[in-house]
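I opened this notebook page to record what I looked up, topic by topic, and how each term was applied.

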Amino acid sequence: MTILVTGGAGFIGSNFVLDWLAQSDETVVNLDALTYAGNLENLASLNGNPRHVFVKGDICDRALVDATLAQHRPRAIVHFAAESHVDRSIHGPGAFMRTNIDGTFTLLEAARGLWSTLEGDAKASFRFHHVSTDEVYGSLSPTDPAFAETKGFEPNSPYSASKAASDHLVRAWHHTYGLPVVTTNCSNNYGPYHFPEKLIPLMIVNALAGKALPIYGDGQNVRDWLYVRDHASAIRAVLAGGRVGETYNIGGWNEKTNMEIVHTICALLDELKPDPAGSYQRLITYVKDRPGHDRRYAIDARKVERELGWRPAETFDTGIRKTVQWYLDHAGWVANVQSGGYRDWVAKNYGEAAAA
Ligand code: NAD
Ligand code: DAU
């Protein structure tokens with residue numbers, strides 16, 4: 001049996017692929033365009049593993065997606081591929097509309113094409129798993145209840161609007177065509193292989209380099225943090241037992257202000273790699289706020305707990321300690337990302353043609 005993963009060279013996708021291959025004996029076909037966010041070095045431990053089939057390609061390329069599905073006939077598609085960084089969506093929304101909306105549309109149509117050729121159990125058990133975000137729900141005040149699956153969509157950034165559009169497409173393909181879909185809306189992930197443009201890895205690598213730790217606005221915005229391997233286990237649980245056509249919110253019950261996060265990272269680095277110049281906290285710098293910055297996200301994860309018995313394995317304390325230690329232990333990965341050297345990985349390991 002085979003599953004198709006899109007975006008499996010990105011942060012969450014690569015953690016999911018590693019987790020999947022460790023937990024099951026199925027093959028993973030990994031379709032990824034290798035944008036700036038795709039890094040095959042994340043999957044270096046799979047080199048030579050016949051159960052990982054990498055296909056470099058764009059989810060907007062219908063002919064390529066059709067050919068990949070026809071060749072591998074996956075029993076499920078787990079769709080991670082997206083433009084994912086809010087700040088980039090503010091500076092250049094076009095790529096977000098293309099990949100997140102057109103790409104999801106293309107994938108849904110191709111999946112519908114494959115699914116229509118299936119019969120019996122294969123047809124009934126086929127799944128299109130759409131990986132989405134809590135940002136589609138909008139922003140909460142300090143006293144609002146956490147996002148439940150019934151909360152209406154109020155996306156505020158080009159990124160979250162494009163993800164909300166993709167969620168609507170997935171819902172419509174189920175409602176209209178019967179495509180067996182499930183959607184998960186997850187809170188902020190953190191952990192290994194996180195590209196250092198996002199808050200947690202940026203703060204770790206900047207602190208280690210003695211650079212400023214830029215806090216947007218007053219630093220009191222709240223996010224709900226989940227260790228990335230817990231997201232992977234939640235997706236496995238929903239793919240295996242989630243009800244078709246349903247959405248499941250995934251979160252870690254870890255609401256923290258950005259300042260709390262940065263203080264925690266500084267304290268861990270002070271303990272694990274003390275800086276003779278003093279505490280890393282001296283590097284904290286307030287900068288101009290992100291336009292349209294959502295104030296608070298919080299996930300009510302009771303549905304996935306109640307229906308599927310899923311719960312995160314990590315607390316924030318255990319997860320953030322593991323994460324800081326991972327970055328300390330993987331200075332080579334960080335250096336390659338910062339120098340752009342990670343982009344040569346494809347040429348070195350898969351040949352020049354694959355890198356083109
Ligand atoms: P990421 O930016 O790290 O990785 C995205 C991956 O998709 C990269 O490997 C990239 O090369 C690939 N990709 C981009 N455009 C593509 C295209 N047109 N065709 C094929 N591949 C393409 O993202 P991430 O943080 O790992 O997020 C993965 C998914 O999870 C996204 O859908 C995101 O919206 C969602 N999500 C992320 C978080 C989070 O905290 N990072 C939380 C909830 C949901
Ligand atoms: O909630 C899930 C979402 O979490 C995902 O859908 C997105 O793909 C993912 O990027 C993330 O979005 P955020 O905007 O919450 O993540 P980011 O790491 O960019 O920012 C987290 C918070 O930290 C946010 O309030 C902005 C703030 N921030 C971020 C950066 C990069 C700073 O204060 N300084 C920074 O330099």
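**Conventions.** I worked with a predicted model, in which local features need pLDDT of at least 70 and side-chain atom pairs count only at pLDDT 80 or more, while totals for chains, interfaces and linings use all residues. Residues are numbered from 1 along each chain as its sequence is written, chains are lettered from A and ligands numbered from 1 in the order in which they are written, and side-chain values use heavy atoms, with hydrogens and water left out.

**Helix H4.** Helices (H or I, at least four residues) and strands (E, at least two) are DSSP runs numbered from the N terminus. I looked up H4, residues 94-116, and found that its 23 residues reach 32 Å from first C-alpha to last, close to the 33 Å expected, the expected span being 1.5 Å times one less than the number of residues. At Gly-103 H4 bends by about 30 degrees, the bend being the angle between axes fitted to the seven residues ending there and the seven starting there.

**Cores.** A nonpolar core is a set of buried Ala, Val, Leu, Ile, Met, Phe, Trp, Tyr and Cys residues joined through side-chain atoms within 4.5 Å; buried means under 20% relative accessible area, exposed over 50%, and partly exposed in between (1.4 Å probe, protein chains only). In the largest core, of 53 residues, Phe-16 and Val-78 touch the most other members. Helix H9 (residues 258-272) gives the most to this core, with 7 residues. Apart from it I noted another core of 23 residues, including Leu-107 and Leu-169.

**Ligand 2.** I listed 23 residues around ligand 2, with Asp-134, Tyr-159, Asn-188, Arg-290 and His-293 the closest; a residue counts if one of its heavy atoms lies within 4 Å. A polar side-chain atom of Tyr-159 lies 2.6 Å from a ligand oxygen atom, and one of Asn-258 lies 2.9 Å from a ligand oxygen atom.

**Asn-185.** This residue sits in strand E6 (residues 181-186), and Asn-185 counts as buried because its relative accessibility is 1%. Its side chain reaches the backbone oxygen of Thr-133 at 3.0 Å, and a polar contact of 3.0 Å joins the side chains of Asn-185 and Asp-167.

**Arg-296.** I found Arg-296 in the loop between strand E12 (284-287) and helix H10 (302-308), and at 8% relative accessibility Arg-296 is therefore buried. A polar atom of its side chain lies 2.7 Å from the backbone oxygen of Ser-141, and one lies 2.9 Å from that of Asp-144.

**Term note.** A polar contact is a pair of N or O atoms within 3.5 Å; within protein, one must be able to donate a hydrogen and the other to accept it, and residues adjacent in sequence count only if both atoms are side-chain atoms.
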